[in-house]
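Hello,

Here is the structure I promised to pass on to you. Have a look at it first, and then read my notes below.

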Amino acid sequence: MDDPECYDKASKYWAEIPATVDGMLGGLSKVSTSDINFSSRCFEQLRSKGFITQSQLVVDVGAGIGRISKHFLSKHFDQVDLLEADEHFLAAAPNYLGPTVLKQIRKTIPLRLQDFHPEPETYDCVWIQWVSSHLRDEDFVEALRRLKASLRAASNGLIFVKENLTQPHQGDEFDSLDASVTRTRERFLELFEQAELTLIRESKQDRFPTELYEVRLFALQ
Ligand SMILES: C[S@@+](CC[C@H](N)C(=O)[O-])C[C@H]1O[C@@H](n2cnc3c(N)ncnc32)[C@H](O)[C@@H]1O
């Protein structure tokens, strides 16, 4: 993962993946509903505690075809930006999202997260799911710093990171197939600290098949 060529390898991997929900989830489209329901519950609980008080704009980072935007983010925000590195997923998004949700897409951003420099004070919420494994530690930390600055203070906005985790005794695990790294919870906490983010809440995904990695949702500010 320290090798910069990993980014090219990941691009080549995703370019061959079908633009479908199964493609987004490594063949596990059956977990999509549990994933969305769990995220929605956590999101609503945080809102009821005074976070994300405004609903103008969210960015879906590593959005793929827009699965999360379609089923969850578009229900809570007036407008959605889709940031996605792979153009064939962005090309498939309008058809997948359908005409109603499509009207809520403010713009698509065909960039890799490590190259994304959002305007400060732009977003009420940032959603980063199943994509941070593709960034090297230092690039992820820098991206988080910029995303922190992109939150609108008036909204008391949050950054959410939802990711697979390895257990402490396993350490970080590199997958040469898609050039990704699955990190431990402890590594994530270190990276959040380096990005000067405060952990507001973390929640462990339930109702997933037991053979999968543990998945956690971190809410940060
Ligand atoms: C496992 S899929 C998840 C898609 C979406 N977040 C979801 O949960 O349905 C990972 C997505 O991240 C994108 N991706 C990979 N590396 C990326 C990077 N460096 N920056 C932005 N997107 C990236 C892939 O093209 C793919 O669409």
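**The ligand and its surroundings**

A nitrogen atom of the ligand sits 2.8 Å from a polar backbone atom of G62. Please keep in mind that this is a predicted model. In R67, a side-chain N or O atom is 2.8 Å from an oxygen atom of the ligand. In E84, a polar side-chain atom lies 2.6 Å from an oxygen atom of the ligand. Taken alone, the ligand exposes 590 Å², and the protein buries 95% of that.

How many residues surround the ligand? There are 20, and the closest are G62, R67, E84, L113 and Q129.

**What the record says**

An unreviewed UniProt entry lists G62, R67, L113, Q114 and Q129 under "binding site". From this set, G62, R67, L113, Q114 and Q129 are part of the lining of the largest pocket.

**L113 and Q129**

I took a second look at two of the listed residues. You will find L113 in the loop that runs between β3 (105-109) and β4 (125-129). Is L113 buried or exposed? L113 counts as buried because its relative accessibility is 5%. Setting aside residues up to four places away in sequence, L113 touches V61, L83, I128, L135, A143, R146 and L147.

Q129 belongs to strand β4. With a relative accessible area of 3%, Q129 is buried too. Its side chain makes a polar contact of 2.9 Å with the side chain of W127. Beyond its neighbours within four places in sequence, Q129 is in contact with D35, S39, V61, G62, R67, I68 and K162. So G62 and R67, which are among the residues closest to the ligand, are also among the contacts of Q129.

**One more residue: S74**

Where is S74 found? S74 is in helix α4, which covers residues 67-76. S74 has a relative accessible area of 9%, so this serine is buried. The side chain of S74 reaches the backbone oxygen of S69 at 2.8 Å. Apart from neighbours within four places in sequence, the contacts of S74 are S69, V80, V101 and Q104.

Best wishes

Methods
Residues numbered from 1 in each chain as written. Predicted model: local features only at pLDDT ≥ 70, side-chain atom pairs only at ≥ 80, totals over all residues. Heavy atoms only, no water. UniProt positions renumbered as here; feature names shortened; annotations may be inferred. 1 Å grid on protein atoms, 1.4 Å probe; cavity = no way out; pocket = protein on both sides within 12 Å on 5 of 7 lines; lining within 4 Å. Helix = DSSP H or I, 4+ residues; strand = E, 2+ residues; numbered from the N terminus. Buried < 20%, exposed > 50% of the residue type's maximum accessible area, 1.4 Å probe, protein only. Contact = heavy atoms within 4.5 Å. Polar contact = N/O pair within 3.5 Å; in protein donor to acceptor, adjacent residues only side chain to side chain. Near = heavy atom within 4 Å. Areas by Shrake-Rupley, 256 points an atom, 1.4 Å probe, with all protein chains shown as cover.
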